[in-house]
Amino acid sequence: MSVIAVLALDGAPGHQLTAPGLAFATAARHHHPVAYEVRVCAGPGFRSTGGPAPFGVETPWGMEGLDDADTVLLPGHEGFRAAPPPGVADALHAVVARGARVGAVGTGTFTLAATGLLDGRRAATSRRHTRELARLHPRVDVDPEGSAVADGPFHSAAGVLGGVDLCLHLITLEHGESVAIETERQLFLHLHAEPDDADGTAAGAGPRAGRARAGSGHAEGDLAQPGPRAVQGAAAEAAYNAVTPPGSSLEPVTRWMEANLHHPLTLDDIAGRAGLGVRSLTRRFRAETGLTPLQYLLRTRIQHAQRLLERTDDPVERIAARSGLGTPANLRHHFQRATGTSPTVYRTAFRALVSDMTWPERSGEP
């Protein structure tokens with residue numbers, strides 16, 4: 001089990017404290033044997049979160065929670081331009097000295113830079129603070145884009161969505177791209193499908209998420225959109241994932257299958273690549289994935305089609321070819337059976353949800 005310690009300094013944005021728990025718990029929930037322990041550790045002087053509605057946080061962990069963590073995450077906080085609170089710099093130096101990772105979200109990068117650990121290294125912060133970070137810490141090579149940046153044991157990213165990009169980056173390092181991609185999908189879709197709480201805001205979502213009520217089919221302003229329920233079947237398809245366990249003997253052949261989805265692969269092709277007979281291959285696939293080789297191939301193709309629908313503007317004809325499903329009709333048939341919706345509705349609904357859960361960083365936020 002990987003231990004993630006989130007170091008809370010006074011005035012840390014609430015969503016930056018809670019996002020790691022959501023991201024890593026989602027990865028663990030949908031991918032066995034992925035496992036994480038997430039600790040929120042109160043740093044020196046921590047009293048409450050920042051933002052327009054500050055709130056207190058009670059946690060059993062103080063700075064000692066960093067001692068055995070595999071990764072320490074440093075969110076933004078008030079007073080980030082000042083020197084780190086007493087003991088923080090020494091604690092972070094100790095974390096690095098024993099070989100653990102350190103991640104910084106948004107203006108948390110200022111505090112990490114103030115320790116000297118980022119001297120001569122690349123790092124990212126909130127986009128509106130990149131010039132200021134470069135001015136205050138000229139020995140740091142500041143990435144102007146603010147996307148997730150890795151340099152040695154140090155990882156940093158902008159603060160939008162509470163550093164979810166950084167969490168997904170860390171999940172990729174530990175468990176591979178397929179786990180991170182599916183975790184991202186589950187985060188966006190499941191958060192929006194949560195039942196509404198008392199004040200009408202979707203539980204666990206961001207400031208704008210309450211504008212599209214689950215199942216309503218409409219966003220604010222009566223703009224007709226496919227509602228979250230239109231893609232909830234796809235979001236709930238955790239059992240439909242085609243993922244080989246870490247260290248599986250099948251990993252070389254499944255990676256080859258993923259790289260050749262656009263080719264008309266047969267059972268004999270897969271068995272030949274694995275160096276096994278068809279019966280032996282089928283037994284091994286069932287034992288390690290719960291699927292036959294062809295079932296695994298079909299599910300991998302549908303997953304790839306989902307990613308293309310989410311991340312590209314390719315027409316359905318091209319997605320059918322790139323995923324190996326052949327024709328648009330074949331894509332629609334298998335996609336409908338797998339997700340309960342059509343490719344076009346899935347793409348529209350997914351992008352509406354992502355847009356609704358992404359908001360610009362406010363000028364007053366750390």
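Q: Where in the structure is the place of S2?
A: S2 belongs to strand β1, which covers residues 2-8. In this text a strand is a DSSP run of E with at least two residues and a helix is a DSSP run of H or I with at least four, both numbered from the N terminus. The model is a predicted one, in which local features need pLDDT of at least 70 and side-chain atom pairs count only at pLDDT 80 or more, while totals for chains, interfaces and linings use all residues. Residues are numbered from 1 along each chain as its sequence is written, and side-chain values use heavy atoms, with hydrogens and water left out.

Q: Why does S2 count as buried?
A: The term buried requires a relative accessible area under 20%, with exposed meaning over 50% and partly exposed lying in between, for a 1.4 Å probe and protein chains only. S2 has a relative accessibility of 9% and therefore counts as buried.

Q: What does S2 touch, not counting residues up to four places away in sequence?
A: A contact is defined by heavy atoms within 4.5 Å, and by that criterion S2 touches A35, Y36, E37, D70 and E174. As for distance along the chain, S2 and V34 are 32 residues apart, yet their C-alpha atoms are separated by 8.7 Å.

Q: How do you know that Q16 is buried?
A: Q16, which is found in helix α1 (residues 14-30), has a relative accessible area of 2% and is therefore buried. From C-alpha to C-alpha, Q16 is 9.1 Å from L74, although the two are 58 residues apart in sequence.

Q: What makes F154 count as buried?
A: F154 is found in strand β8 (residues 154-157), and its relative accessibility of 4% is the reason why F154 counts as buried. Beyond residues up to four places away in sequence, F154 touches V96, V102, L112, L117, L118, R121 and V149; of these, V96 is 58 residues away in sequence and 8.8 Å away in space, C-alpha to C-alpha.

Q: Why are α8 and α11 called oblique to each other?
A: Axes are lines fitted to C-alpha atoms, for helices over the stretch in contact, and the angles run from 0 to 180 degrees between N-to-C directions. The axes of helix α8 (residues 251-259) and helix α11 (residues 293-311) cross at roughly 45 degrees and come within 10 Å. Angles under 35 degrees count as roughly parallel, those over 145 as roughly antiparallel, those from 65 to 115 as roughly perpendicular, and the rest as oblique; α8 and α11 are therefore oblique to each other.

Q: Which residues in α8 and α11 meet?
A: T254, M257 and E258 in α8 meet P293, Y296, L297 and T300 in α11. By class, this contact has four nonpolar, two polar and one charged residues, where Ala, Val, Leu, Ile, Met, Phe, Trp, Tyr, Cys and Pro count as nonpolar, Asp, Glu, Lys and Arg as charged, and the others, Gly among them, as polar.

Q: At what angle do α11 and α12 pack?
A: Helix α11 packs with helix α12 (residues 316-323) at about 140 degrees, and their axes are 9 Å apart. In this contact R301, H304, A305, L308 and L309 in α11 meet I319, R322 and S323 in α12.

Q: How do the residues of the contact of α1 with α5 divide?
A: The axes of α1 and helix α5 (residues 164-175) come within 9 Å and cross at roughly 35 degrees. The contact is made by A19, P20, A23, F24 and A27 of α1 with V164, C167, L170 and I171 of α5, and these residues divide into nine nonpolar, no polar and no charged.

Q: Where in the protein is confidence lowest, and where is it highest?
A: Confidence is expressed as pLDDT, the predictor's value for each residue, from 0 to 100. The mean is lowest in strand β9 (residues 218-219), at 26, and highest in strand β3 (residues 71-74), at 98. Over residues 192-240 the pLDDT is below 50, although the model has 84 contacts for this stretch beyond near neighbours in sequence. Where pLDDT is low, the predicted coordinates should not be read in detail. For the protein as a whole, the average pLDDT is 81, and 79% of the residues score at least 70.
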